[in-house]
Amino acid sequence: MSTIRILSDRVANQIAAGEVIERPAAVVKELVENSLDAGATRIEVEFRSGGRAYIRVEDNGSGMTRDDALLSLERHATSKIAETADLDQLATFGFRGEALPSIASVARFELQTLSAGEEAGTEILINGGKFVHVRDCGRPAGTRIIVSQLFNSVPARRKFLKSDATESAHIIHCVRLYALSSPQAAFTLIEDGRAIFRSPECHTTAERVAEIFGRQIADAMLPLEAADAGLALRGLISRPGVGRATRHEMITYVNRRPVDSRTLSYALIESYHELVPKGRYPLAFLFLELDPAAVDVNVHPAKREVRFRNESQVRAFVIRAVLDRLRELGATVPAGAPGPGDEAARVGAPAGVAPGPGTPPESRMAAPFPAYRPPLAAMVPAAPAAAGVTVGTAMRNEALRAKAGWRYVGLVHGVYALFETEAGMVLLDRRAAHERVWYERLRAQFAAARAATQRLLLPVPVELDAIMTALLLDRLEFLQGHGFEIVEFGRNFFRVEGVPEWMDPADAEAFLRDVLGALREGRLTAKDLDLARDELARLAALRAVRLPDGTSEAEMQALVAQLFSCRQPLANPTGKPTFIELSHSELARRFQK
Ligand code: ADP
Ligand code: MG
């Protein structure tokens, strides 16, 4: 026990392999990266049984001479960097020279390669780190690597593998990631003899997305391109209202390398605040390019995480690029620092009202990210500028709509208003649109003045349990300030004597119970008046404001006009879409014209 000895290369490699090669998808990742680094324009990946039985990656890249092929299996043998300084200029995926020896140490590893101009190809076979043979072989230029019986010699690692289905999902995701970032190469992915996708070389990322994620996802995305101060961002982002239950479809790349970056994913989530339903995430395929020296990829064995030298600059840039793109759509998303003036301006108060307690939540959202603001806006006094900006945006929304020329066609099932537009057609969800209009209207009202009350002819008695009673007593003043008149008249008994003007008295009790439910969940917090008002307005718009009966053309057009004078017409207050557009091309495609 006491003797210290140097591990044999084989054992050392097996241990190190655990760090890089944690599962079959890691083998695929390393091999595909090598193929791309070798300049391949055709890459084929095949696997069986979640990759543990068999993985083949074949490319038409540069290939290797026999000497290079032998050398590539030595640890830290790499053709990609020579000195530490090269790490700052990295243009390749690989640089550590660890992948091939690591894989070869934990599997049966067969390499066939031919470098263009050579007479014969080279075949090398290694089994569990033990060299078996090297010999000539015939093959076209490029490289084929077959990895089988993965982790057979390392039971400890094999034990940690999940089901075949899970491992296979990881492999598929991995190949998609690389196929997306390299549309110039044709990719084929085959699982258990069945093609998962075959994508020829594509000219754009959008085409690639359609090829491998499907037309539907591709159609739900908007192209984006932005550059500023040495940073460039391009890719696709989802339209407002489109959301996913997980973050898995927020796919980000830094200098073509797929990465999990908190900075990038938070920037995205931040940008879509209010544009996707709560608890859901936008979709994105985003490529960030920046000076390799400004990012460190060498912080994680699998290089999945990156660190930016200037995190806040990157975050601000991404948020601004995404918001600008969404705003072009007609969405008014948190700009600069909207103050209470913007709400007041629309309900007729003079612009430039002094900032009061009724600041809408956007400015709170902006607070932790001062870099959100375009530098100019940050320098002028917040309230008047914000008022101008928002009124301007509402007008622009309306102008955009007018330009698109929505012509009312009719009402479908009493629910969806159908419009013919220049670009195709639009289906508007009456309810969602109505909710958006009322949400903004009530928020403006709450911020501008004490809400008017209508006294009830017959007060509504409400009996509560002890907890609800305590909650209600605690927030009575807040509710009174927003149009309710509620008096306590006995233990756990209340009487609603007045309700806000906008409410149908018949809804009084149900709405009060909704409000209490929100109180109980901590959503009408006493700590933050803006947040509480925002929540109250949302609740009112969703639960208490009735949809009018009228559905004449004039009424539908009026609804659309009101919707487009909103700051954010594209989604209801919980982020669900207010309308969907079907373009001419989408229609033609569906009808197979
Ligand atoms: P790294 O990619 O970090 O350099 P690897 O162990 O993945 O380390 O690969 C070692 C070397 O083998 C590479 O630097 C490259 O020169 C060569 N190589 C690996 N795969 C291929 C391939 N598919 N085509 C051509 N050369 C390859
Ligand atoms: Mg490599």
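User: I am new to this structure. What do buried, exposed and partly exposed mean?

Analyst: Buried means under 20% relative accessible area, exposed means over 50%, and partly exposed is in between (1.4 Å probe, protein chains only). Take Arg589: at 39% relative accessibility, Arg589 counts as partly exposed. Before we go on, note that this is a predicted model, where local features need pLDDT of at least 70 and side-chain atom pairs count only at pLDDT 80 or more, while totals for chains, interfaces and linings use all residues. Residues are numbered from 1 along each chain as its sequence is written, chains are lettered from A and ligands numbered from 1 in the order in which they are written, and side-chain values use heavy atoms, with hydrogens and water left out.

User: Thanks! How many salt bridges are there, and how do I read one?

Analyst: Side chains of opposite charge can pair when their charged atoms come close. The rule used here is a side-chain nitrogen of Lys or Arg within 4 Å of a carboxyl oxygen of Asp or Glu. A search of the whole structure gives 34 of them. In one, Arg589 pairs with Asp219, with the closest N and O atoms 3.8 Å apart. Asp219 lies in helix α8 (residues 215–219) and Arg589 in helix α20 (residues 584–590), so this pair ties together parts that are 370 residues apart in sequence. Helices here are DSSP runs (H or I, at least four residues), as are strands (E, at least two), both numbered from the N terminus. Asp219 is partly exposed, at 33% relative accessible area.

User: Which residue forms a salt bridge with Arg590?

Analyst: That is Glu586, with the closest N and O atoms 2.8 Å apart. Glu586 is buried at 11% relative accessibility, whereas Arg590 is exposed at 54%. For another case, look at Glu535 and Arg538, whose side chains meet in a salt bridge of 3.6 Å, N to O. They sit three residues apart in helix α18 (residues 529–544), which again means about one helical turn between them. Glu535 is buried at 7%, and Arg538 is buried at 9%. Salt bridges can also link up: Glu44, Glu46, Arg56, Glu58 and Arg139 form a network.

User: Where should I look for a nonpolar core?

Analyst: In soluble globular proteins, nonpolar side chains tend to be buried together. A nonpolar core is a set of buried Ala, Val, Leu, Ile, Met, Phe, Trp, Tyr and Cys residues joined through side-chain atoms within 4.5 Å. The largest one here has 57 residues, and those with the most contacts inside it are Phe109, Val147, Phe187 and Phe285. Helix α6 (residues 164–181) gives the largest share of this core, eight residues. Apart from it lies another core of 36 residues, including Trp502 and Leu539.

User: Which residues have a positive phi although they are not glycine?

Analyst: Most residues other than glycine have a negative phi. Ala229 has a positive phi of about 45°, and its place is the loop between β9 (221–228) and β10 (231–238). Ala229 is exposed at 60% relative accessibility. Asn255 also has a positive phi of about 45°; this residue is in the loop between β11 (250–254) and β12 (257–259) and is partly exposed at 24%. Another case is His413, with a positive phi of about 55°, in the turn of the hairpin formed by β16 and β17.

Note on methods: Two strands pair if DSSP finds at least two bridges between them.
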